[in-house]
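Please look over the structure shown below before reading on. The explanation after it is meant to be followed with the structure in view.

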Amino acid sequence: DVNRRYQIFEKPTHKIKLGEIFEFMRYRFEDTKYSVDIKENNTRPIAIERTSETHILQLRKNKPTILWMSLANSEFSVFTPLYTNLDTIPNEYKKVTLDFDETSAYWKFRAVSTLASTNRERYGKLVRDTYKALETKWINNVKNMDKEYEEGFKMPEVASKIFANISKEAMDTADELFKTLIRNMSVDIINDSKKYGKDIE
């Protein structure tokens with residue numbers, strides 16, 4: 001409600017689901033007069049292109065804490081679950097560089113995010129829908145993830161193995177999205193060049 005002043009702490013009107021929090025972190029006020037898609041608006045959205053990463057901690061009673069982590073711009077990235085006691089992470093997550101590196105998890109997600117943001121309707125919707133399906137799958141699989149973790153005596157190595165499998169699925173999905181977006185953009189550029197001729201370089 002854009003006409004209401006909110007307190008710092010508010011009791012929610014319903015139990016908040018993980019998927020709702022993910023979507024909130026992608027929010028750009030699209031359904032309000034403050035939408036950043038309106039050119040004259042200078043509103044700063046929650047999801048901004050220059051976000052490096054987003055963390056959401058899921059605190060659970062008598063269960064281990066899960067960190068849901070999104071690399072790059074959360075609007076067009078995926079939240080992956082990991083237990084907070086893991087002791088190793090995949091090599092793709094260890095790379096720190098200011099230059100594009102296709103073997104880096106951060107740059108994989110950043111590349112997809114950059115392409116998706118060029119046309120939110122044509123490219124961004126595909127990315128968001130694909131990642132949302134992946135997140136829903138992981139949310140629904142938390143019980144099985146917990147079972148594997150507990151059967152492995154909650155060891156850091158087990159937590160690391162679980163995250164390695166999830167992160168591989170996330171990065172493989174990012175690779176496929178990147179290829180699809182490049183293909184779609186290439187087709188669009190060719191079609192536009194035929195339509196507008198010399199106006200398109």
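This is a predicted model: local features need pLDDT of at least 70, side-chain atom pairs count only at pLDDT 80 or more; totals for chains, interfaces and linings use all residues.

Residues are numbered from 1 along each chain as its sequence is written, and side-chain values use heavy atoms, with hydrogens and water left out.

We begin with the sheet, which is open and is formed by 3 strands in the order S1-S2-S3 with antiparallel pairing. Strands (E, at least two residues) and helices (H or I, at least four) are DSSP runs numbered from the N terminus, and two strands pair if DSSP finds at least two bridges between them. The edge strands, each pairing on one side only, are S1 (53–60) and S3 (80–83), while strand S2, residues 63–71, pairs with S3 over 4 bridges in the antiparallel sense. From one strand to the next the twist averages 25°, where angles run from 0 to 180 degrees between N-to-C directions and axes are lines fitted to C-alpha atoms, for helices over the stretch in contact.

Trp68 stands opposite Pro81 in S3. Leaving aside residues up to four places away in sequence, Trp68 touches a set of residues that includes Leu18, Phe22, Ile56, Trp138 and Val142, contact meaning heavy atoms within 4.5 Å.

Trp68 also belongs to the largest nonpolar core, where, of the 40 residues, Trp68, Tyr93, Phe109, Val127 and Tyr131 touch the most other members. Such a core is a set of buried Ala, Val, Leu, Ile, Met, Phe, Trp, Tyr and Cys residues joined through side-chain atoms within 4.5 Å, and buried means under 20% relative accessible area, exposed over 50% and partly exposed in between, with a 1.4 Å probe and protein chains only. Helix H5 (156–196) is among the elements that give two or more residues to this core, and H5 gives the most, with 11 residues.

Helix H4, residues 142–151, lies across S1, S2 and S3 and runs at about 120° to S2. In H4, Val142, Met145, Asp146 and Tyr149 are buried. These residues cover an arc of only 100° around the axis, which puts them on the same side of H4; the arc is that of the directions from the helix axis to the C-beta atoms. On the other side of H4, Lys143, Lys147 and Glu151 are exposed.

In H3, the buried residues include Val127, Tyr131 and Trp138, while Glu121 and Asn140 are exposed on the other side of H3.
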